[in-house]
Amino acid sequence: DDKILQVTNLKKHFVMGKGKMLQAVDDVSFYVNKGETFGLVGESGCGKSTIGRTIMGLYNKTDGDVVYDGDNVHSLTDKEKFKFYRKMQMIFQDPYASLNPRSTVSEVISEPMEVHSLYKNKKEQMDRVYQLLEEVGLNRDHANRYPHEFSGGQRQRIGIARALALNPDFIIADEPISALDVSVQAQVVNLLKELQTEKGLTFLFIAHDLSMVKQISDRIGVMYLGHMVELTESSSLYDNPLHPYTRALLSAIPIPDPDIEETRERIILEGELPSPINPPSGCVFRTRCPMAMEVCSVKQPDWQEVEQNHYVACHLYDETLGENETRRI
Ligand code: SF4
Ligand code: MG
């Protein structure tokens, strides 16, 4: 079995004031194969970061299961969880925010090693810091400088070196390139790919648009308002997107060829993203869906496998519906 991570019917609700409930993640299931990159995509507020944090056990779950390498993450004791963090690490969107500005680069990178007492002496630890700096495309002269002296892309490299410090198998990258210029984004993505090949890493790569995710992911799950709406291999998501939301996301990616750019259809989503405290009835996407039908407001679409390994939650693919239900509104 090569499924290293299995997320099953995961729910994460936050209790707000006045008895209100924020359904950040609602009944989400997916798995990640060892050595692959699984992309998790959706607008901000769709629950993708919450999934990442719940997988890491940083949040308790409301319901469902997260199983990593045979262990139920939410049943681990504190001691076991501490050990689990040697296997799973996280990279964040804004590395500067997660790096202590008063620490030198070498302190930032070696902190996890110290917390986990990885090395007996300073020399060994420092050698490892130098090695990590080189692995992420920096060099040992950077070790005694401060993170704020570096560009955004370099800071993300420092963040990656820190995440690699414990030699993890699995990395959750939560929008690691969203704050970077497009040219720098490509460099960081290439670095992650190289590291993946060298070290056999598995990635959960979280992003708010599909442009870079296409290049790095083997399979992709698309999220909307706490729900997974489509999941398939990267290539079939691009060649044959089934969910109207996925189609809209794809149509928003700029194409460098002006001839194609001119002729293709742009799907502009109307309206605001609804609040997850008060989600629409039926299909959560219906208030913005250009294809919405009568049934969409009364019935939540099932998660179904429409083609092999291609899952979607949308009534357009439900063959059991009657004529009245499928009337467009
Ligand atoms: Fe649109 Fe209905 Fe499909 Fe939801 S179920 S995406 S509203 S067509
Ligand atoms: Mg986020």
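Residues are numbered from 1 along each chain as its sequence is written, and chains are lettered from A and ligands numbered from 1 in the order in which they are written. Because the model is predicted, local features need pLDDT of at least 70 and side-chain atom pairs count only at pLDDT 80 or more, while totals for chains, interfaces and linings use all residues.

Helices and strands here are DSSP runs numbered from the N terminus, with at least four residues (H or I) for a helix and at least two (E) for a strand. Two strands are said to pair if DSSP finds at least two bridges between them. Strands of a sheet pair through backbone hydrogen bonds, either parallel or antiparallel.

One open sheet has eight strands in the order 6-7-8-3-9-10-12-11, and its pairing is mixed. Strand 6 (88–91) and strand 11 stand at the edges with a single partner strand each, so one side of each is left without a neighbour in the sheet. On average, neighbouring strands of this sheet are turned by 20 degrees against each other, direction ignored. Such angles are taken between axes, which are lines fitted to C-alpha atoms (for helices over the stretch in contact), and run from 0 to 180 degrees between N-to-C directions.

Within this sheet, strand 3 (residues 37–41) and strand 9 pair in the parallel sense over four bridges. One of the partners is Gly39, whose bridge partner in strand 9 is Ile220. Tyr224 has His227 in strand 10 as its bridge partner. Strand 9 and strand 10 form a hairpin with two residues between them, and Leu225 in the turn has a positive phi of about 45 degrees.

Strand 10 (residues 227–233) is mostly covered, with six of its seven residues buried. A residue counts as buried if 20 or more other C-beta atoms lie within 10 Å of its own, as exposed if 12 or fewer do, and as partly exposed in between, with C-beta atoms placed from the backbone. Strand 10 also pairs with strand 12 (residues 310–313), in the antiparallel sense over two bridges. There Glu230 stands opposite Val312 of strand 12. Helix 10 (residues 244–251) lies across strand 3, strand 9 and strand 10, running at about 105 degrees to strand 9.

Another open sheet has four strands in the order 2-1-4-5, with antiparallel pairing. Its edge strands are strand 2 (21–33) and strand 5 (71–72), each of which pairs on one side only. Strand 4 (residues 63–68) is joined to strand 5 by two bridges, and the two run antiparallel. Tyr68 stands opposite Asp71 in strand 5.

Strand 2 holds Asp27, a residue other than glycine with a positive phi near 60 degrees. Asp27 is partly exposed because it has 17 C-beta neighbours inside 10 Å. Tyr31 lies in strand 2 too, and Tyr31 is partly exposed because it has 17 C-beta neighbours inside 10 Å. Leaving out residues up to four places away in sequence, Tyr31 touches Lys3, Leu5 and Gln6; contact means that the C-beta atoms, placed from the backbone, lie within 7 Å.

Next come two helices. The axes of helix 4 (residues 105–115) and helix 5 (residues 122–135) come within 10 Å and cross at roughly 120 degrees. The two helices are therefore oblique to each other, since angles under 35 degrees count as roughly parallel, over 145 as roughly antiparallel, 65 to 115 as roughly perpendicular and the rest as oblique. In their contact, Ser106, Ile109, Ser110 and Met113 of helix 4 meet Gln125, Met126, Arg128, Val129 and Leu132 of helix 5.

Two loop residues remain. Asn167 sits in the loop between helix 6 (152–164) and strand 7 (170–174) and has a positive phi of about 60 degrees although it is not a glycine. Ile267 is in the loop between helix 11 (258–263) and strand 11 (303–307). Ile267 is partly exposed, with 14 other C-beta atoms within 10 Å. Apart from its neighbours within four places in sequence, Ile267 is in contact with Arg247, Ala248, Ser251 and Pro290.

Key: Two residues are in contact if their C-beta atoms, placed from the backbone, lie within 7 Å.
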